[in-house]
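I opened my notebook to look at a few spots in this structure, one by one. Come along and check each entry against the view below.

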Amino acid sequence: MTRYVLRRIATMVPILGAISFAVFWAANRIAKPGRDLAVNPRVTPADRAAYLESLGLNDPLPLRYLQWLGDFVTGDLGISLVRNGSDVWPIVRTALANTLVLIAVAVVLSLAVGITIGAVSAVRPNGFIDNAMTTFSFAGISIPVFWLGLMLQLLFGLYLANWLGLDPPLLPTAGLYSPGQQGFDLVDRMRHLVLPMTALSLQLVAVYSRYMRASLLDVMSSDHIRAARGRGLPERTVVVRHGVRNALIPVTTQAAVDVGQLVGGLIVTEQVFQYPGMGRLFLDAMFGGDYPVLLATTMIIAAAVIVMNLAADLLYGVLDPRIRRDSR
């Protein structure tokens with residue numbers, strides 16, 4: 001297992017290095033530091049040149065990349081250009097924590113529901129439950145997240161509030177806490193998570209249930225399942241212990257990729273619900289020309305995707321020992 005882990009980590013290091021340079025180059029092209037100063041009539045060309053020089057932005061791109069990479073590896077993410085000189089790391093840390101909370105709740109719930117639905121559908125294929133779950137899955141995959149989010153806001157923030165005479169609404173439609181909230185309130189925080197989590201989870205549940213159904217149907221027709229049944233094992237044991245475990249590999253792949261991508265891919269959900277996470281921070285930095293924040297958010301997103309892919313590879317070895325043996 002140790003050799004398996006080291007081989008996977010070794011393959012990720014050059015990939016992460018190439019991605020870091022691509023991220024640095026793209027962030028420079030998108031953010032264009034100092035662009036606001038170029039159109040400000042009160043800023044002379046000499047002042048703008050001095051400002052760019054103070055940030056080291058006049059150096060060649062490869063040199064700036066090496067300097068930035070060295071600082072990034074040591075934990076120095078720089079200073080924000082538009083947030084009164086605040087350090088980038090506390091800004092990114094807060095947004096990342098908010099996003100991870102939303103992702104963790106949504107993915108755990110989606111996996112539990114999706115795996116259960118997929119397993120039930122696979123055990124009794126083409127039955128009423130299977131057909132109903134297939135219809136639900138196709139609907140969940142087809143509905144855009146932004147549309148579902150807007151419909152949830154209208155339902156809970158407007159229609160139900162008017163029908164039931166609720167003020168404030170039963171479930172908050174935006175933000176992280178209620179107005180005037182002081183300190184941490186777990187109940188209030190969870191209420192604000194319900195709608196964005198629902199909008200995010202519906203599509204994930206549909207995807208996981210489809211993967212689980214297809215994978216379990218394939219596993220249940222394999223030789224080791226027939227052998228387990230031939231030994232007289234109860235059907236529940238055959239399905240859960242010998243079927244579901246092997247069928248989880250494709251679901252693991254999809255879940256690992258989803259977690260990595262969702263760290264930075266929640267732009268739509270976070271914008272609709274005004275949720276202060278990595279997606280909104282990325283947009284604010286890109287449109288505001290906040291070059292250090294844009295670099296940090298993009299690199300952390302890329303690193304999250306790489307790490308979650310590595311985690312998926314490691315989980316393969318746990319779920320199926322044959323993968324560890326074949327990789328030697």
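**Entry 1: W68.** I looked up W68 to begin with. Its relative accessibility is 12%, and the cut-off for buried is under 20%, so I noted W68 as buried. I keep in mind that this is a predicted model.

Entry 2: Next I wanted to know where W68 and F72 lie. Both belong to helix α4, and they are four residues apart, which is about one turn of the helix.

**Entry 3: counting ring pairs.** I then went through the aromatic rings. How many aromatic pairs are there? I wrote down six.

The pair I opened was F24 with Y65. Their ring centres are 5.7 Å apart and the planes stand at 65°; over 60 counts as edge-to-face, so that is my label for this pair. F24 sits in helix α1 (residues 2-31) and Y65 in helix α4 (residues 61-73), so this pair ties together parts that are 41 residues apart in sequence. Buried or exposed, I asked of F24 and Y65? Both are buried.

Then I returned to W68 and F72. Here the centres are 5.3 Å apart and the planes are at 35°, so I marked the pair as tilted.

Putting the rings together, I found that ring pairs join F21, F24, Y65, W68 and F72 in a cluster.

Entry 4: I moved on to helix α5 (residues 88-123) and helix α6 (residues 128-142). Their axes come within 8 Å and cross at roughly 140°. That angle makes α5 oblique to α6. I also noted that the crossing of α5 and α6 is left-handed.

Which residues meet there, I wondered? From α5 I listed I117, V120 and S121; from α6 they meet I129, D130, M133 and F136. Sorting the residues of this contact between α5 and α6 gave me five nonpolar, one polar and one charged.

**Entry 5: Y208.** My last stop was Y208, which I found in helix α8 (residues 186-219). Its relative accessibility is 0%, so Y208 goes down as buried.

What does Y208 touch, leaving aside residues up to four places away in sequence? My list for Y208 reads V107, S110, L111, G114, V251, Q254, A255 and D258. I took a second look at one of these, V251: the C-alpha atoms of Y208 and V251 are separated by 6.1 Å, while the two residues are 43 residues apart along the chain.

Conventions. Residues numbered from 1 in each chain as written. Predicted model: local features only at pLDDT ≥ 70, side-chain atom pairs only at ≥ 80, totals over all residues. Heavy atoms only, no water. Phe/Tyr/Trp six-rings, centres within 6.5 Å; stacked < 30°, edge-to-face > 60°. Helix = DSSP H or I, 4+ residues; strand = E, 2+ residues; numbered from the N terminus. Buried < 20%, exposed > 50% of the residue type's maximum accessible area, 1.4 Å probe, protein only. Axes fitted to C-alpha atoms, helices over the stretch in contact; angles between N-to-C directions. Parallel < 35°, antiparallel > 145°, perpendicular 65-115°, else oblique. Left-handed = near helix turned anticlockwise from the far one by under 90°. Contact = heavy atoms within 4.5 Å. Nonpolar A, V, L, I, M, F, W, Y, C, P; charged D, E, K, R; others polar.
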